[in-house]
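Dear colleague,

I am passing on the model below together with my notes on it. Please look through the coordinates first, and then read the notes alongside them.

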Amino acid sequence: MSGPVTLAQLLDQGLDVFVFCNRCGHNAVLATQQLIGRLGGQMPVPEAGGRMRCSACGSKDIATRPNWPSGGVITRHTD
């Protein structure tokens, strides 16, 4: 298989979508089934962010990726 994973493939793996606003840092985990209802199963996960808007700041600069099972804190941003 080549290319980015689609929402349908993510659903088959039992994973949801992690959504991150690159502008304000707001983030959430969205149900893959809900996104398939809005965007279709063949939507590539990385491209789904281009169809979203942040509910906190209104930005359309949204990143999406599979919500992989947690391995603990990977990075921490500090001022």
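A residue is called buried when its relative accessible area is under 20%, exposed when it is over 50%, and partly exposed in between, with a 1.4 Å probe and protein chains only. By that criterion, buried residues make up 30% of the 79 residues in the protein chain.

On provenance: this is a predicted model, in which local features need pLDDT of at least 70 and side-chain atom pairs count only at pLDDT 80 or more, while totals for chains, interfaces and linings use all residues. Residues are numbered from 1 along each chain as its sequence is written, and side-chain values use heavy atoms, with hydrogens and water left out.

Overall layout

The protein chain contains 3 helices and 3 strands, where helices (H or I, at least four residues) and strands (E, at least two) are DSSP runs numbered from the N terminus. Along the sequence they follow the pattern α-β-β-α-α-β. Taking contact to mean heavy atoms within 4.5 Å, 57% of the contacts between residues at least 6 apart in sequence join residues at least 24 apart. The chain exposes about 5300 Å², of which carbon and sulfur atoms supply 49%; these areas come from the Shrake-Rupley method with a 1.4 Å probe, and for residues only the protein chains shown count as cover.

The sheet

The 3 strands form an open sheet in the order β2-β1-β3, with antiparallel pairing, two strands being counted as paired if DSSP finds at least two bridges between them. Because β2 and β3 (62-66) stand at the edges, each with a single partner strand, one side of each is left without a neighbour in the sheet. Neighbouring strands are turned by 25° against each other on average, direction ignored; the axes behind this value are lines fitted to C-alpha atoms, for helices over the stretch in contact, and angles run from 0 to 180 degrees between N-to-C directions.

β1 and β2 are joined by 4 bridges, whereas β1 and β3 pair over 5 bridges. V17 has a bridge partner on either strand, namely L30 in β2 and P66 in β3. The hairpin of β1 and β2 has 5 residues between its strands, and G25 in the turn has a positive phi of about 85°.

H26 is found in the loop between β1 and β2 and is partly exposed, with a relative accessible area of 35%. Although H26 and A56 are 30 residues apart in sequence, they are 6.7 Å apart in space, C-alpha to C-alpha. Leaving out residues up to four places away in sequence, H26 touches V19, F20, C21, C54, S55 and A56.

In helix α2 (residues 32-39), the residues T32, L35, I36 and L39 are buried. They lie on the same side of α2, because they cover an arc of only 105° around the axis, the arc being that of the directions from the helix axis to the C-beta atoms. The buried residues of α2 pack against α1 (7-12), β1 (17-21), β2 (27-30) and α3 (45-48).

T32 has a relative accessible area of 0%, and, not counting residues up to four places away in sequence, T32 touches L7, L10, L11, L15, D16 and V17. With the same exclusion, L35 touches L7, V17, L30, G40 and M52.

G40 follows α2 and has a positive phi, near 90°. G40 lies in the loop between α2 and α3 and counts as partly exposed at 25% relative accessibility. The C-alpha atoms of G40 and A8, which are 32 residues apart along the chain, are separated by 8.1 Å.

S59, in the loop between α3 and β3, is by contrast buried, with a relative accessible area of 8%. Leaving aside residues up to four places away in sequence, S59 touches C21, R23, M52, R53 and C54.
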